[in-house]
Each structure stands twice: as structure tokens, then as C-alpha cells.
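Please look over the sequence and the model shown here before reading on. The report then goes through the main features step by step.

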Amino acid sequence: MFEAVIHGIILAFGLILPLGVQNIFVFNQGSLHSRFRGVLPVVLTAALCDTLLIGAAVGGVSLVVMSVGWVTPVIYSVGLIFLAYMGWSIWGSTPAQGEVKVLSAKGQIAYALSVSLLNPHALLDTVGVIGTSSLQYGSGERWIFAGATAAVSWLWFIGLAVAGRVVGQADPSGRILRALNRASALLIWGIAVYMGMQLWNIWTGK
């Protein structure tokens with residue numbers, strides 16, 4: 001049991017640390033809301049979506065998806081387009097326009113749902129990595145492993161919103177936030193290029 005917990009925590013941190021679209025949105029909203037409760041909708045939505053995806057992957061969805069040959073290239077193709085667009089959107093945003101704006105609770109939930117459930121890179125992480133990694137454990141330990149990875153998501157999104165608020169208060173001009181957004185956009189484009197290379201390898205049979 002202890003091994004499953006440690007494995008889940010380390011794996012979850014490794015997957016969630018890169019500043020992807022979901023993380024950037026939580027951080028940006030945290031930096032713009034005057035109170036932490038104002039960003040609770042996005043934190044709860046992102047964490048619940050991750051928990052849902054992890055539960056589905058560990059529950060057996062990963063086996064079904066990976067057994068269908070055409071699913072992976074489709075996910076990579078959609079992911080390439082999605083990440084390229086989101087990178088461009090984040091690169092051009094500023095604290096006063098674009099994606100970086102204070103959203104209502106409904107707006108936060110809707111956007112968080114899109115970047116959590118429609119992000120093919122996140123789907124590949126949960127289904128392809130967490131789901132397959134859980135297969136080495138028995139049924140009981142498998143769900144302990146899933147719980148550990150889900151707990152990391154909850155703590156991470158809470159911490160990310162708090163960190164965003166600290167940066168927002170320390171940098172009213174938004175220069176730090178803009179620099180972080182552009183660095184994140186470059187990282188997202190890098191992931192898109194990697195997915196394009198994987199897709200090319202699938203097509204060419206390498």
C-alpha cells in the first residue's frame with residue numbers, strides 16, 4: 001500500500017508540474033481575484049475533472065482506449081491543433097485582455113471544463129500513463145494509487161491559485177504574469193511539436 005501511495009504521488013507531480021493550459025488558467029485566475037473564494041470554482045472544477053479522469057483511467061478505460069488502434073493518432077492530431085491554438089492564445093494575452101481576465105463563476109467552470117476534459121494532452125497523461133501504471137497493482141492497491149494521484153491534483157490546484165494571488169499582489173503591472181504566460185506558451189508549443197513527432201512516427205511506422 002505504501003508503495004502505491006508513493007508511486008502515485010511521484011507520478012502525479014511529474015505529470016502536473018509542467019505549466020500546461022489547465023495550470024496557466026488556474027494561476028491566472030488566482031492572480032486576478034481579490035479573494036481566494038473568488039477562484040474556488042476553477043480550482044474545484046479542475047480538481048474534480050482530474051479526479052474523474054484518473055478514476056476512469058484506473059477503472060479500465062485505458063485498456064479499452066489503448067486496444068483500439070485508431071484512437072491514439074486521432075488524440076495526437078486533435079491535441080496538436082488544440083495546443084497550438086492555446087499556446088497562441090496564452091502568448092498574446094495580457095492581464096487586461098484575452099484569456100487573462102476575471103471570469104464569473106460560470107465562466108470559470110466552463111473554461112476549466114474545456115481545458116481539463118478537451119485537452120488531449122491531459123487525456124493522454126491520465127489514460128496512457130496513470131491508467132497503465134495502475135495495472136501493476138491489485139484491485140485494492142490500484143484505487144489507493146488513484147487516490148494518491150488525485151490528492152496531488154487537489155493540493156496542486158489550491159497551491160497554484162494561492163501562488164497566483166501572491167504574484168498578482170506583488171506585481172500590479174502584470175509584467176511578471178505576462179512573462180510567465182509567454183514562457184508557458186513556448187512550453188505548450190514544445191509539447192505540440194513533440195505530439196506532432198509522435199504522430200509522424202505513428203504514420204510512418206517508426
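## Basis and confidence

This is a predicted model, in which local features need pLDDT of at least 70 and side-chain atom pairs count only at pLDDT 80 or more, while totals for chains, interfaces and linings use all residues. Residues are numbered from 1 along each chain as its sequence is written, and side-chain values use heavy atoms, with hydrogens and water left out.

The pLDDT (the predictor's confidence in each residue, from 0 to 100) averages 77 in the protein chain, and 78% of the residues score at least 70. Confidence is highest in helix α7 (residues 139–170), with a mean of 88, and lowest in helix α4 (residues 71–91), with a mean of 70. Over residues 95–100 the pLDDT falls below 50, yet this stretch has 16 contacts in the model beyond near neighbours in sequence. A contact means heavy atoms within 4.5 Å. Where pLDDT is low, the predicted coordinates should not be read in detail.

## Helices and contacts

The protein chain has eight helices and zero strands. Helices (H or I, at least four residues) and strands (E, at least two) are DSSP runs, numbered from the N terminus. Among contacts in the protein chain with a separation of 6 or more, 87% join residues 24 or more positions apart.

## Nonpolar cores

Of the 206 residues in the protein chain, 43% are buried. Buried means under 20% relative accessible area, exposed over 50%, and partly exposed in between (1.4 Å probe, protein chains only). A nonpolar core is a set of buried Ala, Val, Leu, Ile, Met, Phe, Trp, Tyr and Cys residues joined through side-chain atoms within 4.5 Å. In soluble globular proteins, nonpolar side chains tend to be buried together.

The largest nonpolar core has 21 residues, of which Phe-25, Val-26, Val-42, Val-43 and Phe-157 touch the most other members. Two or more residues each come from α1 (2–16), α2 (21–32), α3 (40–67), α5 (105–117) and α7. The most come from α7, which gives five residues. Val-42 touches Phe-25, Val-26, Gln-29, Gln-108 and Ala-112, not counting residues up to four places away in sequence. Another core of nine residues lies apart from the largest one, and its members include Ile-130, Tyr-137, Ala-146 and Ala-150.

Why does Val-43 count as buried? Val-43 has 1% relative accessibility, and therefore counts as buried. Val-43 is in helix α3 and touches Val-26, Phe-157, Ile-158 and Ala-161, leaving out residues up to four places away in sequence. Its C-alpha atom is separated by 9.4 Å from that of Trp-156, 113 residues apart along the chain.

Tyr-137 is in the loop between α6 (120–133) and α7. Tyr-137 is buried, with a relative accessible area of 6%. Leaving aside neighbours within four places in sequence, Tyr-137 is in contact with Glu-3, Ala-4, His-7, Arg-142 and Phe-145. The C-alpha atoms of Tyr-137 and Met-1 are 136 residues apart along the chain and separated by 9.3 Å.

## Surface

The accessible surface of the protein chain is about 10,200 Å², and 72% of this belongs to carbon and sulfur atoms. Accessible areas come from the Shrake-Rupley method with a 1.4 Å probe; for residues, only the protein chains shown count as cover.

Phe-36, Leu-40, Leu-44, Leu-48, Ile-158, Val-162 and Val-166 make a nonpolar surface patch of about 550 Å². At least two residues of the nonpolar patch come from each of α3 and α7.

Terms used. Patch = residues over 30% accessible without salt bridge, like charges linked within 9 Å, V, L, I, M, F, W, Y side chains within 5 Å. Salt bridge = Lys/Arg side-chain N within 4 Å of Asp/Glu carboxyl O.
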